[in-house]
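User: I would like to learn how to read a helical model, one feature at a time. Please take me through it.

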Amino acid sequence: MMGYFWLAIAIVSEVTATLFLPACKGFTRVWPSLACATSYGLSFYFLSLVLNSVPVGVTYAIWSGAGIVLVGILGAYFYKQIPDVPAMIGMGLIIAGVAVMNLFSKTISH
């Protein structure tokens, strides 16, 4: 179960880093750039811990899927970048895919 705890931290770190990217202005602003780089570093560190107990395909699917959805939601909140209906349907399909994988796949030990 620790693998999924590390995965949650990796996801939050990756989403944080991605949300800092617009403030970096091409990495010309020091503090947002440091926050972004640090957050990406933490994300990959915790992602490496996850891989000790969760298969890489499952890890990446959950990490990237959750990241896409969270960045979409938080981008709407912080940057007023509201996804259109097809984007929201796509995010719903990502959530459904991760749920199906976690509920029914024999790759994941339950």
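User: Let me start with one residue. Where is valine 56 placed?

Analyst: This is a predicted model. Valine 56 lies in helix α3.

User: Is valine 56 buried or exposed?

Analyst: The label follows from relative accessible area, with exposed meaning over 50%. Valine 56 has 56% relative accessibility, so valine 56 counts as exposed.

User: How far apart are valine 56 and tyrosine 4, in sequence and in space?

Analyst: Sequence distance and spatial distance are read separately. Valine 56 and tyrosine 4 are 52 residues apart in sequence, and their C-alpha atoms are 12 Å apart in space.

User: Now take valine 69. Where is its place, and is it buried or exposed?

Analyst: Valine 69 is also in helix α3. The cut-off for buried is under 20% relative accessible area. Valine 69 has 11%, so it is buried.

User: Which residues does valine 69 touch, leaving out those up to four places away in sequence?

Analyst: With those sequence neighbours excluded, valine 69 touches Met91, Ile94 and Ile95. As for distances, valine 69 and serine 53 are 16 residues apart in sequence and 24 Å apart in space, C-alpha to C-alpha.

User: How many helices and strands does the chain have?

Analyst: The chain has four helices and zero strands. Read along the sequence, the pattern is α-α-α-α. The C-alpha atoms fill a box of roughly 45 × 35 × 15 Å along the principal axes. Of the 110 residues, 32% count as buried.

User: How do I read a helix pair? At what angle do α3 and α4 cross?

Analyst: Look at the approach of the axes, then the angle, then the handedness. The axes of α3 and helix α4 (residues 85–104) come within 10 Å and cross at roughly 150°. Angles over 145 degrees count as roughly antiparallel, and α3 is therefore roughly antiparallel to α4. This crossing is left-handed.

User: Which residues of α3 and α4 meet?

Analyst: From α3, the residues are Val58, Ala61, Ile62, Gly65, Ile68, Val69 and Gly72, and from α4 they are Met91, Ile94, Ile95, Val98, Met101 and Asn102. By class, this contact has ten nonpolar, three polar and no charged residues.

User: Next, α1 and α3. How are they arranged, and what is the handedness of their crossing?

Analyst: The axes of helix α1 (residues 2–24) and helix α3 (residues 56–79) come within 9 Å, with a crossing angle of roughly 40°. That angle makes α1 oblique to α3. The crossing is right-handed. Residues making the contact include Tyr4, Leu7 and Ala10 on the α1 side and Val58, Thr59 and Ile62 on the α3 side. The contact divides into 16 nonpolar, four polar and one charged residue.

User: What share of the contacts in the chain joins residues at least 24 apart?

Analyst: Taking contacts between residues at least 6 apart in sequence, 61% join residues at least 24 apart.

Notes
Residues numbered from 1 in each chain as written. Predicted model: local features only at pLDDT ≥ 70, side-chain atom pairs only at ≥ 80, totals over all residues. Heavy atoms only, no water. Axes fitted to C-alpha atoms, helices over the stretch in contact; angles between N-to-C directions. Helix = DSSP H or I, 4+ residues; strand = E, 2+ residues; numbered from the N terminus. Parallel < 35°, antiparallel > 145°, perpendicular 65-115°, else oblique. Left-handed = near helix turned anticlockwise from the far one by under 90°. Contact = heavy atoms within 4.5 Å. Nonpolar A, V, L, I, M, F, W, Y, C, P; charged D, E, K, R; others polar. Buried < 20%, exposed > 50% of the residue type's maximum accessible area, 1.4 Å probe, protein only.
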